[in-house]
Amino acid sequence: GGMAAELLLLLLLLAAGPGPGPGRAQRDALREELLLSPLPAGDVAATFQFRTRWDADLQRGEVSHYRLFPKALGRLVAALGVRELHLALTQGFWRTQAWGQPPLQAPAGAELWVWFQPTVTDVDKAWKELSNILSGIFCASLNFIDSTNTVTPTASFKPLGLANGTDHHLLRYAVLPREVVCTENLTPWKKLLPCGSKAGLAVLLKAERLFHSSYHSQAVHIRPVCRDASCLAVSWELRQTLTVVFDTFASGQGKKDWSLFKMFSRTLTDACPLASQSKVYVDISPKNKEKELLEVSPPPTSVHEAVVQGDKRTYAVYDLLSPLLFNTSRSLNVQLKWQRPQDSSELPTPVLHAQRYVSGYGLQTGEISTLIYNTHPYRAFPVLLLETVPWYLRLYVHTLTIITKGKENKPSYIHYQPAQDRRRPHLLEMLIQLPANSITKITIQFERALLKWTEYTPDPNHGFYVGSSVLSALVPSVIAMKDVDEEQSPLFTSLFPSSDGSSYFVRLYTEPLLVNLPTPDFSMPYNVICLTCTVVAVCYGSFYNLLTRTFHVEEPSRGGLAKRLANIIRKFRGVPPL
Amino acid sequence: ITDVLTAVALYLAIQDFNKVVFKKQKLLIELDKYAPDVAELIRTPMEMHYIPLKVALFYLLNPYTVMSCVAKSTCAINNTVVAFFILATIKGSAFLSAIFLALATYQTLYPLTLFAPALLYLLQRQFIPIKLKSKSFWLYTMQYAALYLCSLVVIICLSFFLLNSWDFIPSVYGFILSVPDLTPNIGLFWYFFAEMFEHFSLFFVCVFQINVFFYTIPLAIKLKEHPMFFMFVQIAIISIFKSYPTVGDIALYMAFLPVWSHLYRFLRNIFILSCVLIVCSFLFPVLWHLWIYAGSANSNFYYAITLTFNIGQILLISDYFYAFLRREYYLTHGLHLTRQDGTEAMLVLK
């Protein structure tokens, strides 16, 4: 009787504990995931995704206790009225033609795009504050983001999270192509993870191995998502992704076999204790004609099949939270040995890829050409192209030509915002229809400006970078993708929303360009001032003479000392005097 | 078309001007203002007969005019307006000349300084003496100034109504005055401001702009009897020191050189200067190509040619000025000057 009453009391207390109120701890969950995909030509791509999802409403400022969600970012979102934030720091370039479609691509350098809440009145001021604060958090020079490299796209970069309305004046996009990513950017990024780099998948993130790679990209995405299927409340999702591509040929003594230890010089020992899910996916889709799955060791806990980016793929899954995994050995070292080494060199052609280059000679004019390839055999689809060109390359929009298969292709939507010197860059957005199996060439000519000598970078003959252009498209997939529950599907399929099962969203970036500008001679400021002022003084002097003096008949002078001496010498010589 | 219009305007203008000059000369001879032995300096109608044609041809066949026509520059339109302004001034119509001057100022700010020579010419034509205390002088000045300012205001307001905003004022005039764009041209400004410390750029912009307007008053005082020469010198100063000069501006003032071909015997350095100008004109494209395309030269090379070319132009103008003043001196004091002891004298500027 007494026991039952005690139990009942305990149950009541437990039920009443997490009651409604501002002090209640909101639920947050961490899922971490690593995706390893062997790429053609022997490279291996490793994509880490850490997703912290927090059922709290950051905007209403009710939050006081941060657990898994990092306080720095939470306070930032609340204070500046940020609705979505996407920051990516990348070194290297994803070679779409050689490596296939990227899971999540970012342009070389630093890229930041932010949607603000409609309650923000001065978006530019909030943007400036945001870039400065982020520059401090991530130790990157994001404070160089100012009005000369920020644009407001009208059609690209639609919100990836929940959105009520999309007034594009609340969006800002900036890219800094010259940014270099190094260890001091990785360390604060790792610090934002709940387990840090001490447990879970993040133990593999060792800077000395990560930067010995062909491509390194780390990103932070914050967005609001629906809390559940009915979407009555909003949760905030922080997704940290890190993509790195290792060249196993260079590091693997000529063999294309790889293992976690060879890539990261560490192995996995346990999952992060704070994580609700911790998995390693290895892409074992068949690469040869016999459709044999690749063999990985140790054997995976399960095998998962999914249609990702229009392709049917098979993944070997290692669940770090399952007790079976660490039964045999204390550490997990996933290894792949190729049975037949030549299998992996089959190049898949991605449906959409692009190239960009600058042509022309001399330092006065030039031409930017973008080539977009649509290799789908029978489907045409539109692509949205966004180009941001700095103001000192003066675009001639009347020379913009789009040619597909030899004929002119008129875009169905063009938005062009011309640059203002030293105030804002050019913005060109176009929606172009790509016919099936075609190459589209977009060319535009530009003229190079001469800048003031303080506006050049310390190595001016290196050139100036033009940020990558962005191609966003809904690519039709060959295989139908069924709607899956977003909660349960692997993280690498769920950042971009897919509206229907027949196409998937792809955002590609082209190469950044390096353009030389004519330079003045930097050693000459004093000389130039002197010489130009001399010319002006010549004019002033001759005019002054002519204006203030009048003609007079010359008075014979008795001669100065020099003349008298000359006369004495002449007398000696017998020559008539001066 | 605008070049032909300019040439026609200049032809008619100089024809009228020649008549005026001749009349003035006759008047001064009758008034016995000239010294006795200056017979060879007096200009005769015969030599002056071909001058208008020479002026028109000088303008049309000038390689600078041809170049600016090929480049489809708006400089030709500026030149046309200025030429019509000169024609209107010489004909004596204050109203038309004010309108054309307002149009010219509206396009580029600098023809504002041509207000002074036009005013002086019109006063001379109306036989109003230039004394600061004279009421008719001030009356006429006010009338002319009012005409000019009113037409300028009308044109600016018209632009405002076409555009519905005042944005064009900082874009057009602010641009001319503050020199933000540093594309290399044949003037002095671009390299100077490319190498300027940010701290001093406002100061030097002001100095350079004042430099253009600054010569107006002293020249007006010195050349108040000869407003056409004043006009010529003023146009030349504008085209050398404006913020974005072009060769079309040079073509305009060079077209006036035949009007003063009688000064030839007093020019001191004409051979060197014409050589400098011709050589620099040829070197401009060469060094531009070497800097921008071949990459084997520096911006300093092009800048040096800019300096030399501008010095050549400046010395040309001051040479003509010197010759003009010297001729005036000879006209009033006689051609063969002797000192007290009878030997031949030298003239110096003191």
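Biologist: Which residues in H13(B) meet which residues in H16(B)?

Modeller: This is a predicted model, where local features need pLDDT of at least 70, side-chain atom pairs count only at pLDDT 80 or more, and totals for chains, interfaces and linings use all residues. Residues are numbered from 1 along each chain as written, chains are lettered from A and ligands numbered from 1 in written order, and side-chain values use heavy atoms, without hydrogens and water. Contact means heavy atoms within 4.5 Å. B:Phe229, B:Phe232, B:Val233, B:Ala236, B:Ile240 and B:Phe241 in H13(B) meet B:Asn310, B:Gln313, B:Ile314, B:Ile317, B:Tyr320, B:Phe321 and B:Phe324 in H16(B).

Biologist: At what angle do helix H13 and helix H16 of chain B pack?

Modeller: H13 of chain B covers residues 227-241 and H16 of chain B covers residues 299-333. Their axes are 10 Å apart. The angle is about 170°. That makes H13(B) roughly antiparallel (over 145 degrees) to H16(B).

Biologist: What distance separates the end C-alpha atoms of H16(B)?

Modeller: The expected span is 1.5 Å times one less than the number of residues. For the 35 residues of H16(B) that gives 51 Å, which agrees with the model's end C-alpha distance: 51 Å.

Biologist: How many residues of H16(B) are buried?

Modeller: Buried means under 20% relative accessible area, with a 1.4 Å probe and protein chains only. H16(B) is largely enclosed by the rest of the structure, because the buried count, out of 35 residues, is 27.

Biologist: Which residues does B:Ser159 touch?

Modeller: B:Ser159 lies in helix H8 of chain B. At 9% relative accessibility, B:Ser159 counts as buried. Leaving out residues up to four places away in sequence, B:Ser159 touches B:Tyr106 and B:Phe168.

Conventions. Axes are lines fitted to C-alpha atoms, for helices over the stretch in contact, and angles run from 0 to 180 degrees between N-to-C directions. Helices (H or I, at least four residues) and strands (E, at least two) are DSSP runs, numbered from the N terminus. Angles under 35 degrees count as roughly parallel, over 145 as roughly antiparallel, 65 to 115 as roughly perpendicular and the rest as oblique. Buried means under 20% relative accessible area, exposed over 50%, partly exposed in between (1.4 Å probe, protein chains only).
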